[in-house]
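Hi,

Here is the structure I promised to pass on. Could you load it and keep it open while you read?

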Amino acid sequence: TKLQWTWKEIKRNYHAYIMALPYFLIFFTFTVGPVILSIYYSFTVFNLIEDAKFVFIENYLRLLFDDDIFLTAIQNTLIFAVITGPVSYLLSLITAWFINELPPKVRAVVTLIFYAPSISGGVYLIWKVAFDGDSYGYVNYLLLRYGIETSPIQFFQNEKYVMPLCIVVALWTSLGTAFLAFIGGLQTIDKAQYEAGAVDGVRNRWQEFWYITLPNMKQQLLFGAVMSITQSFGFGDIVTALAGFPSVNYCAWTIVHHLQDYGGQRYEVGYASAIATILFIIMIGKYFRKWGSDMAKLRTRNHKVVLSRSAGGDVGISIFLIIFGLFMFIPMYYVVIQSLKPMDELWTYPPKFYVVKPVLTNFTDMFKAMSNSWVPFSRYIFNTILISVAGTFGNLFCGSLAAYVVSKMKFPG
């Protein structure tokens, strides 16, 4: 029977299940399990003290019909996701494609410049300093100096500026994993295909990109789409750090903030679970409806436009990389020079974009002050390295085993 054959195959391929077991245990424990629990608790009233009380869809009715702030959060979340998701996706793809044209050594340096903001933790706080609401903020200083404004602008206390600035900062930190995946995918394309394309009539860089590059990067494009969608809903920490919790008049309040408010401060776990479930449904729906259709169009659309090389050649690529590179580099440069300034230069007016007398006092003081505290700074460094190394190698090991088994072996399940 089929059942007997299945059991026989399972016993014959037991090593495949053993190899995939670590990853799937972690995946079901920390991903599938919490999702199932969240869905269950979304139908209950639960405050972590009393037993959960089943209330069916009461939480959802309250969310959709009696919570005006949640409706504002949905609107802001969708605006944020619709802009940052596709734009960061396209920026990652186009930037990776342009960088791939550079010599290897130059490509490594430029890749680091573009990738650095996404791995630098809370470095986005430097934007709060740059857009500070007094004349010491660089932007206000420039606006006042050149007579564009007569008084400092309270950027993160003005509804008109909060959302656009948060979106810009989110895009600045968005060239992460998907960006590296695109660069890796571009490196694996066989150069002989471009030579064959030239023989078959491909006449410029854009036709190469459309007919040769994109078809060879379907897996990376799908992975990048998933990462961009996930990332576009996860910029709540940036908004909180820049605009506060909550932002002025809830102008940048998102579903993530609403979830943190009810789950982390009010401890209404049932209601917070309903919020998390709706956020999960929105993310899944956006992926299957929007990005799925975009990928289908990418695979089937016939490109009719023929562009000359002068319309998008080396000069255009260089200009793009210079402008976008400065946008990515200048905030990181500002962080470095601020860390090298002595205390008197930090509060100099007008603020300077360079260091007059660079010192390492800030670094030495940090180690001395933290070493004399209850928890020494060396402990923070050790914990960070330990968690990063263990998490990276554990994820790489378990993920590689599971990926190899799923892609190379045929077995039931």
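First, the ground rules. This is a predicted model, so to speak: local features need pLDDT of at least 70, side-chain atom pairs count only at pLDDT 80 or more, and totals for chains, interfaces and linings use all residues. Residues are numbered from 1 along each chain as its sequence is written, and side-chain values use heavy atoms, with hydrogens and water left out.

**Helix packing**

Two packed helices are described by the angle between their axes and the distance between the axes. Here axes are lines fitted to C-alpha atoms, for helices over the stretch in contact, and angles run from 0 to 180 degrees between N-to-C directions. The element names come from DSSP runs, numbered from the N terminus: helices are H or I with at least four residues, strands are E with at least two.

Start with helix H2 (residues 14-41) and helix H19 (residues 377-408), whose axes come within 8 Å and cross at roughly 130°. H2 and H19 are therefore oblique to each other (under 35 degrees is roughly parallel, over 145 roughly antiparallel, 65 to 115 roughly perpendicular, and the rest oblique). The crossing of H2 with H19 is left-handed, which is the label when the near helix is turned anticlockwise from the far one by less than a right angle; clockwise is right-handed. On the H2 side the contact (heavy atoms within 4.5 Å) uses Ala16, Met19, Ala20, Pro22, Tyr23, Phe24 and Ile26, and on the H19 side Cys398, Gly399, Leu401, Ala402, Tyr404 and Val405. That makes 12 nonpolar residues, one polar and no charged. For the classes, Ala, Val, Leu, Ile, Met, Phe, Trp, Tyr, Cys and Pro count as nonpolar, Asp, Glu, Lys and Arg as charged, and the others, Gly among them, as polar.

Helix H4 (residues 68-99) has two partners to look at. With helix H9 (residues 177-187), H4 packs at about 40°, the axes being 9 Å apart, and the crossing is right-handed. Tyr89, Ser92, Leu93, Thr95, Ala96, Trp97 and Ile99 of H4 meet Phe179, Phe182, Ile183 and Leu186 of H9. By class, this contact has nine nonpolar, two polar and no charged residues.

The axes of H4 and helix H11 (residues 205-213) come within 13 Å and cross at roughly 120°, which makes H4 oblique to H11. H4 passes H11 in a right-handed crossing too. Leu93, Ile94 and Trp97 of H4 touch Arg205, Trp206 and Phe209 of H11, giving five nonpolar residues, no polar and one charged.

The search runs on a 1 Å grid over the protein atoms alone: a cavity is a set of points where a 1.4 Å probe fits but cannot get out, a pocket is an open set with protein on both sides within 12 Å along at least five of seven lines, and lining residues have an atom within 4 Å of a point. Grid points are joined across faces, edges and corners, and a volume is the space filled by probe spheres set on the points.

The largest pocket holds about 660 Å³. It has 21 lining residues, and Tyr23, Phe27, Phe30, Thr31 and Val32 are the closest to its centre. H2, helix H15 (269-300) and H19 each give two or more residues to that lining, with H2 giving the largest share, 10 residues. The lining has 14 nonpolar, seven polar and no charged residues.

The second largest pocket has about 490 Å³. Its lining divides into eight nonpolar, 12 polar and one charged, and H12 gives the most to it, with three residues.

There is one cavity of 30 Å³ or more, and the largest cavity has a volume of about 60 Å³. Its lining includes Thr77, Phe80, Ala81 and Ser232.

Most residues other than glycine have a negative phi, and most peptide bonds are trans. Where is the cis bond? Between Phe245 and Pro246, with omega about 0°; Pro246 is in the loop between H13 and helix H14 (255-265). Tyr250, in the loop between H13 and H14, has a positive phi of about 55°. Phe56 has a positive phi of about 60°.

Cheers
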